[in-house]
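Colleague: Let's go through this model by question and answer. Ready when you are.

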Amino acid sequence: MERMPSGEGRKLRSLELADVYEKMGNTYEAIDAWTHVAREYPDHAPAFANLARLYEAVGQWSKVIESLTRELDVHDSQAQGTDRRGQEQARAIRRRIGAIFEKELELPERAIEAYGAVHDADAGDDEAAAALERLYEKLGRWKELEALLARRSDHGNRETKVALLERRAALMTDRIGDHAGAAAALRQLRKMHPEDDAIA
């Protein structure tokens, strides 16, 4: 392979070598081979995806993040604005990055950045929203949690909106001290349930 000139033939041989090392169960040799592919063909997203998977197998989480970030860069540079499949792939990578920052590296602030990017791209992403709620609550970032709940209530059905308005009102009363904001949320809730004297 090393004696071959640059081109498609050399690329195919590089991919084959990486695949052979994986089939042999030689994880570190496979990492070296995929690193070689990624270095020579930096626009080959599967190389970074495979590196992330292999680094995860050996518990090198910072390398997993680095590989996923590179994969994301490739997808972002190649994606068309209306390519739904590419957008979903990018969101999935960001969700995975967020999960690693949260659970493996215990860096909640970085996890919030990753999940926040997913939620900004798709406010209907329930997994990202649930993760952000969990992290905001854990860090005591009540105003950001309330803003997230307000944004989520714009996309839910009636039952979801009711539950979110109740949470927002309680949050603004108990944690933020925004009684005017809590009253506004309760007024919205009262319109949805005019018969509920407890709201009044």
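Modeller: A crossing is left-handed if the near helix is turned anticlockwise from the far one by less than a right angle, and right-handed if clockwise. This is a predicted model, with pLDDT of at least 70 needed for local features and 80 or more for side-chain atom pairs, while totals for chains, interfaces and linings use all residues. Numbering starts from 1 along each chain as its sequence is written, and side-chain values use heavy atoms, without hydrogens or water.

Colleague: Which hand has the crossing of helix 2 and helix 3?

Modeller: Their axes (lines fitted to C-alpha atoms over the stretch in contact, angles 0 to 180 degrees between N-to-C directions) come within 9 Å and cross at roughly 155 degrees. Helix 2 and helix 3 are therefore roughly antiparallel (over 145 degrees). The hand of this crossing is left-handed.

Colleague: Which element gives the largest share of the lining of the largest pocket?

Modeller: Among the lining residues are Thr-35, Ala-38, Phe-48, Leu-51, Tyr-55, Lys-63, Glu-66 and Arg-70. Helix 2 (27–40), helix 3 (45–57) and helix 4 (61–78) each give two or more. The largest share is 4 residues, from helix 4.

Colleague: How many residues of that lining are charged?

Modeller: The lining includes Arg-39, Lys-63, Glu-66 and Arg-70. Beside 4 nonpolar and 2 polar residues, the charged ones number 4.

Conventions: On a 1 Å grid over the protein atoms alone, a cavity is a set of points where a 1.4 Å probe fits but cannot get out, and a pocket is an open set with protein on both sides within 12 Å along at least five of seven lines; lining residues have an atom within 4 Å of a point. Ala, Val, Leu, Ile, Met, Phe, Trp, Tyr, Cys and Pro count as nonpolar, Asp, Glu, Lys and Arg as charged, and the others, Gly among them, as polar. Angles under 35 degrees count as roughly parallel, over 145 as roughly antiparallel, 65 to 115 as roughly perpendicular and the rest as oblique.
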